[in-house]
Each structure stands twice: as C-alpha cells, then as structure tokens.
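User: I have just opened this one and have not seen it before. Could you walk me through it?

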Amino acid sequence: MLELIVISTLNGVLYGMLLFLMASGLTVIFSMLGVLNFAHASFYMLGAFFGFQISRWVGFWPALLIAPLLAGAIGAAVERYGLRRVHKNGHVAELLFTFGLAFAIEEIVQIIWGKSPVDFRVPPLLDFPAFTIFSTNYPAFKMFMLLVSVAIFLGLLLALKKTRIGLIVQAALTHPHMVGHLGHNVGRIFMLVFGVGTALAAVAGVIAGPALVTQSNMAGLLGPILFVVVVVGGLGSLPGAFIASLLIGLLQTFAVSMNASLAGLLGPLSPDLAQSWLSDIWNVTIAQIAPIMPYLLLVLVLIFRPMGLLGTRDT
Amino acid sequence: MRDITVSAAPPPPALADKLKFYGIWVGVALILLLLPKILSSGGSLTTFSLIGISIIFALSYNILLGQTGMLSFGHAVYYGLGGFLAIHAINFIVGHKFPIPLPLVPMIGGATGLFFAALIGWVSTQRSGTAFAMISLGLAELVASSALILRSFFGGEAGVSANRTKLLKVFDWNFGPQIQIYYLVAAWTLVAVIAMYALTRTPLGRMCNAVRDNPERVQFVGYDPHVIRYLAFCFAGFFAGIAGALAAINFEIANSAYLGAVQSGTVLFAAYIGGIGFFIGPIVGAIFVTFLSLGLSDVTPVWQLYFGLFFIAVVMFAPGGITGLLMMHRPLLKGGTMLRVLPSYAVALLPTLAMVIGLMLAIESTVHYTVNPSENPHIRAFGIPFNAASPLTWAAALALIVVGFALARLSWRRVGHAWDEALTTARQNGVAA
C-alpha cells in the first residue's frame with residue numbers, strides 16, 4: 001500500500017508537471033490574446049515527432065533543444081500570419097482557426113509519420129533505473145522528465161517575476177490595451193508569447209515522447225484534458241492552472257492503480273445486481289473510469305464553482 | 001415615444017410577400033417529392049438521405065452557434081444519444097409488438113436529445129464564450145468515453161443494430177427500400193426545417209440573438225441570459241436527437257462514433273462553411289460538405305487534409321461562409337454595379353487556381369513518398385496521372401505555388417479596390433447597403 005502511494009504520487013506529480021508545462025503556455029496565451037489555442041496539444045505532438053525525427057539524425061540531446069525551437073518558430077508564424085489576420089473576425093473565428101489548424105496538423109503528421117506509433121526510445125544515457133523503492137525500479141528518464149519540468153517551471157516563475165519582459169507580460173495579462181498605450185509593441189509581444197508557449201508544449205512533447213506513446217492521436221487524447229485543466233483552474237489564472245494540473249495528474253494516476261468497484265465493495269449485499277442492466281456500473285473498476293476522471297472533476301467544479309478554482313474573470 | 005411603438009409593430013406583410021414566402025416552402029416540398037423521380041439510382045438516394053440528416057443536424061447546431069453565439073464542440077452527444085435510443089426503441093417496439101410505426105421513432109430520438117440537453121445544458125450554459133466551448137468539449141469527452149465503458153447499453157466498439165422493417169406498416173410501407181427511407185428523411189427534414197425557421201421568429205429566437213450580441217444588455221432588460229442559453233441549448237439538443245435517430249434508422253446501427261469528436265467537428269465544419277449568419281447557411285453547408293466528403297474520398301486518400309485546409313481558408317478569408325460570400329454581392333446587384341467587379345474576379349481567379357493546383361501537386365507527391373514509397377511513382381490524383389518522382393513535377397509545384405501566391409496577392413488587392421468602387425457607386429445609386 002505504501003509502495004503504491006509513493007510510486008503513484010511520483011508519477012502523478014510528474015504527469016501534473018507535464019500538464020502544467022502545456023497549460024502554462026495555454027493560459028498565458030489565452031490571457032493575452034483572448035483566444036484559447038485549440039492547437040496547443042498539436043504543438044505538443046509536433047514536439048514529440050520533431051524530437052523523434054531529429055534524435056534519429058543527430059541524437060536526443062540536440063533534439064531536446066532544436067525540436068522546441070522549431071515548433072516555437074512554427075507557433076510564432078501561426079500567430080503572425082494566421083491568428084493576427086483572423087483577429088478582426090472575432091473570437092469565434094480565432095478559436096475555429098486554431099481548431100482547423102489542430103485538424104490539419106493531425107492529418108499532416110499522419111501523412112508523414114503514419115498512424116501507428118513510432119519507435120521513440122529513451123536515450124541510452126538515461127536508460128537505467130534511478131533507484132529502487134519497495135522492489136519497484138523507478139526509471140531515470142522519468143526523474144529527468146520531472147527535473148526538466150520543474151526547472152522550466154522555476155525558470156518561468158523567475159522570468160515572469162524578475163525580468164522586464166516578464167513584467168510586461170504580466171501587465172498585458174490583465175491590461176493589454178494599457179500596455180499598448182504605454183508604447184510597447186504588443187504585436188511583437190503576442191508573437192513572442194505564442195512562440196514561447198508553443199515551444200514549452202513542444203518541450204513537454206520531446207520529454208514525454210519516449211516515456212508515453214508517440215502517435216498521431218496523442219494530441220487528440222491530451223487536448224481535451226488540457227482544456228479541462230485550464231477551465232478547472234480558472235481561465236486565465238496561472239496559479240489555478242498549476243493547482244489543477246497537479247490535481248488532475250494525481251487524480252488520474254491514483255485512479256489507474258485502484259482496482260475497487262461497486263461490486264467489490266457492496267457485492268455481497270446484493271449479488272443479483274451484477275446480472276441486471278446495471279451490471280456495467282456495478283462491475284466497472286475505478287481504474288477503468290480513470291480516463292473520464294478529469295471530466296467528472298470538470299462537472300463537479302462547474303456545479304459548485306463555475307468560474308474555476310482560482311478564476312475571477314467571466315469571459 | 002410614438003416612433004418606438006410604430007417601429008415595434010411592422011405593417012402586416014403584403015399579399016405578394018406572403019405568396020412569395022409560402023411559395024418557397026411549397027416549392028421545396030415539391031422538389032423533395034420529385035427529386036427521386038429525376039435521380040433514382042440507389043447511390044443518389046442514399047446521398048440525399050445523408051444530406052437531409054446532415055441538414056437537420058447542421059441547422060440544430062446553428063441554433064447554438066449562429067443564433068445564440070455558443071460555440072459547441074460536443075453537439076454530437078445529443079445526435080448520438082438520439083440515435084442509440086432510437087435503435088433501442090425499435091428493438092423494444094419489435095420485441096413487445098407495440099403498434100408504433102417507424103415514422104414516429106425520430107420523435108423518440110428528439111425526446112432523448114431534449115432530455116440530455118436539459119440535463120447537461122443547465123451546467124454547461126452557465127458560462128458563455130470560450131469557457132462554454134471548452135466545457136462542451138469536456139462533457140462530450142465524458143459521454144463518449146462513458147459510452148465505451150457502459151457496454152451493455154452502447155454495445156462497445158461494435159454498436160447496437162436493429163431491423164427497421166419489422167415495425168407496424170404504414171400504407172403498406174415496411175421501410176426496407178432506400179426510396180421509402182428517403183421519403184421518411186425528406187418529410188422529417190421539411191418539418192424540422194420549418195420548425196427551426198419558426199423558432200427564429202419567436203420572441204425566444206429574438207432573445208437568443210440578443211444574448212448573442214449583448215448579454216449584459218439582456219440582463220439589464222430583465223432576462224436571464226443563462227436561462228435563454230439553456231432554452232436554446234434544449235431546442236438544439238431536441239433537433240440533433242431527431243437527426244441522430246434518422247441516421248440510426250438509415251444505417252440500422254448506432255455505434256460510439258455517433259457521439260464522438262469527429263461527428264461534432266463535422267457538424268461544426270458544415271455549419272461554418274455554409275455560413276452561420278443566415279438561416280439558409282447551414283443547409284448550404286450540409287449539402288456542400290456531404291458532397292465534398294463523398295466526392296473527395298474517392299479521388300484522394302488524404303481528403304481530410306484538404307477538408308481541414310479548406311476550413312482554415314474559409315475561417316481566414318470568408319468568415320461569413322459560402323452564403324456570406326454570396327449575400328455580400330446583394331447591394332452590388334441591386335445597385336447595378338455587379339459587372340464592374342466580375343473582370344477583376346476573373347483576373348484573380350487564375351493565379352489563385354494556379355496556387356491551389358501547385359499545393360495539391362505538392363501534397364499528392366509528398367503523400368506518395370511517405371505513404372507508399374515503394375509503389376510506381378506514376379500516380380493519379382483527381383483522375384490526372386503524373387510522375388511523382390520526376391524533378392519536373394516538383395519544380396512545377398514549387399513554381400505554381402510561388403508565382404501563383406505572388407500574383408494572387410496582387411490581383412486580390414485589385415479586387416478589393418474594384419469592390420470598393422463598385423460599392424460606392426451602388427450606394428450613390430440610392431441603394432442602402
């Protein structure tokens with residue numbers, strides 16, 4: 001039991017930090033541009049596939065640097081030549097533009113790399129168990145993932161709180177027009193933020209690619225959960241996104257390792273229920289409903305706190 | 001004060017306008033009745049049935065997006081649940097020998113859609129705008145994933161099937177042949193379209209538009225925007241359920257793909273490409289998208305990519321959709337200056353077409369190399385044979401894209417100037433734009 005708790009906590013925090021790596025970019029982009037980037041998870045996928053391709057050519061470590069830069073450049077171009085054009089057509093058009101983009105990126109990835117998973121391996125340097133805990137070997141690569149995401153999180157925090165550009169970004173979160181009036185090139189800041197945000201998502205893709213499955217549907221699987229994170233945390237709230245990321249990461253990881261079902265808990269009380277039309281609900285285990293846990297959380301949050309955990313603005 | 005009362009009560013429409021209005025509906029009914037006489041092959045009947053279902057679905061979606069300003073990424077939930085309940089209802093009716101004919105089954109689908117929209121909508125319509133879009137996506141994922149867990153009701157991956165011919169016969173029709181299904185779908189399409197059009201003319205329909213345009217003002221006047229969004233959501237769910245039930249009857253099966261993200265995306269594409277600003281927009285979009293997906297999938301393996309790129313192009317360059325583009329020309333037609341912009345259109349069309357062809361050539365050649373590189377490089381795309389391995393193809397594609405893009409930019413700018421001039425003249429001619 002203790003083993004389960006320790007391992008699940010580690011995995012949950014890791015998954016949560018990965019989610020936050022993406023959710024942070026998404027939140028900042030949303031606060032500044034007012035558009036929720038539907039294609040954000042697609043940049044995560046692009047990061048994973050670029051990382052896979054580049055690590056085949058020149059190795060994993062250069063890929064860790066080049067792939068996010070490449071994805072970030074694509075992201076900046078999307079903002080400069082796509083979103084900025086669509087902006088005059090309103091928010092719905094912006095959201096739909098990113099929706100169409102997500103659709104097109106998935107198709108392009110399918111054309112280039114195919115539909116089946118690619119063989120993205122953990123680099124040999126990190127392919128060993130970091131430590132053994134209650135007879136479970138914990139892989140070093142996962143510790144590396146945790147390290148990278150925590151490092152980026154701290155770096156982001158420092159950059160936002162201590163640097164000049166961070167101050168401008170913070171100001172633009174709440175008062176974008178005022179920042180513009182003060183003479184800053186808001187257009188360039190938007191492009192920069194979009195590029196950095198998508199590059200962060202791509203970093204998450206490169207480090208998650210070898211540990212999870214690198215496949216053309218990975219954006220479609222992760223995207224909805226990402227949006228749940230930002231809605232549960234409160235749209236536009238960075239601390240909210242952080243809490244929600246960890247919450248959902250832990251929730252899902254713990255749920256996967258639990259095998260209890262209603263039948264197991266209450267089964268002896270009424271054995272005939274297992275045969276009735278309720279049998280699905282009766283017999284399903286918590287592990288089986290783990291994938292829908294984030295959405296259940298979303299419904300609960302919406303009922304009891306519609307603006308999200310730390311959200312204030314109603315947009 | 002007098003002015004307001006006068007403008008609030010328009011004069012009753014003249015007889016000619018009334019005739020025109022009802023004439024359109026009678027004309028549509030006649031066309032629907034006579035269509036299978038002209039094109040009677042099995043394939044075209046199936047296509048027409050699909051289009052009819054898609055029209056109801058797209059129009060129900062537009063109650064949300066076009067009329068109330070709610071962007072939903074999970075509208076297929078109500079479509080799918082309507083379909084599933086219809087299939088179960090058919091099985092149940094057959095099993096218990098109830099005297100209920102097939103044409104009434106879509107009502108069950110509609111009621112299901114209404115029920116679940118009423119249940120889920122109360123939570124999700126609390127927010128509007130972007131938050132609503134994300135919530136609809138999350139709830140859609142919730143239902144779609146639950147469908148795979150609750151196997152005994154949703155039938156897992158395989159789905160649930162039923163036999164539509166075993167129900168009570170109406171006028172000796174057992175609804176086995178496609179022609180009878182076509183008439184069933186056509187009748188329901190006509191009824192649903194009229195009902196949804198009528199809905200836009202009710203006070204509720206008008207309040208929906210007000211909530212879309214200025215929810216704060218609506219609140220100020222004394223309405224609750226949440227309640228209005230909720231009511232619109234319920235109506236949308238009801239009609240989506242009817243569409244889903246018709247689809248289930250048409251295919252005699254309902255599976256989890258009915259509820260999925262692809263279905264939600266398709267209806268969004270159809271409504272937006274058609275144009276969400278006009279009532280007829282989603283109808284045009286449904287017809288267009290159905291033909292496009294049926295036609296493109298025959299000629300190229302990557303039709304979905306073209307579909308996505310086309311959607312992006314519509315969002316970027318024609319946010320009003322197809323009907324929006326056509327309606328833009330109304331003031332020019334009335335002002336009699338339409339002929340001035342046509343030449344510049346013709347000039348702009350040529351480089352644009354060149355660019356599109358270059359893009360298609362590049363995509364098809366790339367697809368050849370990544371999907372099946374070992375095969376013969378002499379491939380056919382859209383029925384045109386070419387050699388994907390020859391450098392000439394690649395050079396041609398590149399040249400077409402670059403030159404086409406440069407010229408298209410120039411020529412579309414000229415279209416803009418010609419357009420402005422034509423519009424100004426049309427306005428001077430005394431036509432309000």
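Predicted model: local features only at pLDDT ≥ 70, side-chain atom pairs only at ≥ 80, totals over all residues.

User: Ok, how many residues are in the largest nonpolar core, and which have the most contacts inside it?

Analyst: The largest nonpolar core has 200 residues, and those with the most contacts inside it are Tyr44(A), Ala202(A), Leu226(A), Val229(A) and Phe239(B). Helix 11 of chain B, which covers residues 225-251, gives the most to this core, with 17 residues.

User: What does Phe239(B) touch?

Analyst: Leaving aside residues up to four places away in sequence, Phe239(B) touches Ile56(B), Leu59(B), Ser60(B), Gly110(B), Ala192(B) and Met196(B). Two of these, Ala192(B) and Met196(B), are also among the buried residues of helix 8 of chain B.

User: Then what do the buried residues of helix 8 of chain B pack against?

Analyst: They pack against helix 2 (15-38), helix 3, helix 5 (105-124) and helix 11 of chain B. Helix 8 itself spans residues 178-201 and reaches 34 Å from its first C-alpha to its last, close to the 34 Å expected for its 24 residues at 1.5 Å a residue.

User: And helix 3 of chain B, at what angle does it pack with helix 12?

Analyst: Helix 3 (residues 42-68) and helix 12 of chain B pack at an angle of about 75°, with their axes 9 Å apart, and that angle makes the two roughly perpendicular. On the helix 3 side the contact includes Phe57(B) and Tyr61(B), and on the helix 12 side it includes Val267(B) and Leu268(B). The residues of this contact divide into eight nonpolar, four polar and no charged.

User: Switching to chain A: is helix 9 largely enclosed or open?

Analyst: Helix 9 of chain A is largely enclosed by the rest of the structure, because 14 of its 16 residues are buried. This helix, residues 218-233, reaches 23 Å from its first C-alpha to its last, close to the 22 Å expected, and it is followed by Gly234(A), whose phi is positive, near 105°.

User: Last topic, how many residues does the contact take from each chain?

Analyst: The contact takes 38 residues from chain B and 40 residues from chain A. On the side of chain B that touches chain A, helix 6 of chain B gives the most, with 14 residues.

User: What kinds of residues are on that side of chain B?

Analyst: The residues there divide into 23 nonpolar, twelve polar and three charged.

Technical notes. Residues numbered from 1 in each chain as written. Chains lettered and ligands numbered in written order. Core = buried A, V, L, I, M, F, W, Y, C linked by C-beta atoms within 7 Å. Buried ≥ 20, exposed ≤ 12 C-beta atoms within 10 Å, placed from the backbone. Helix = DSSP H or I, 4+ residues; strand = E, 2+ residues; numbered from the N terminus. Contact = placed C-beta atoms within 7 Å. Nonpolar A, V, L, I, M, F, W, Y, C, P; charged D, E, K, R; others polar. Expected span 1.5 Å × (residues − 1). Axes fitted to C-alpha atoms, helices over the stretch in contact; angles between N-to-C directions. Parallel < 35°, antiparallel > 145°, perpendicular 65-115°, else oblique.
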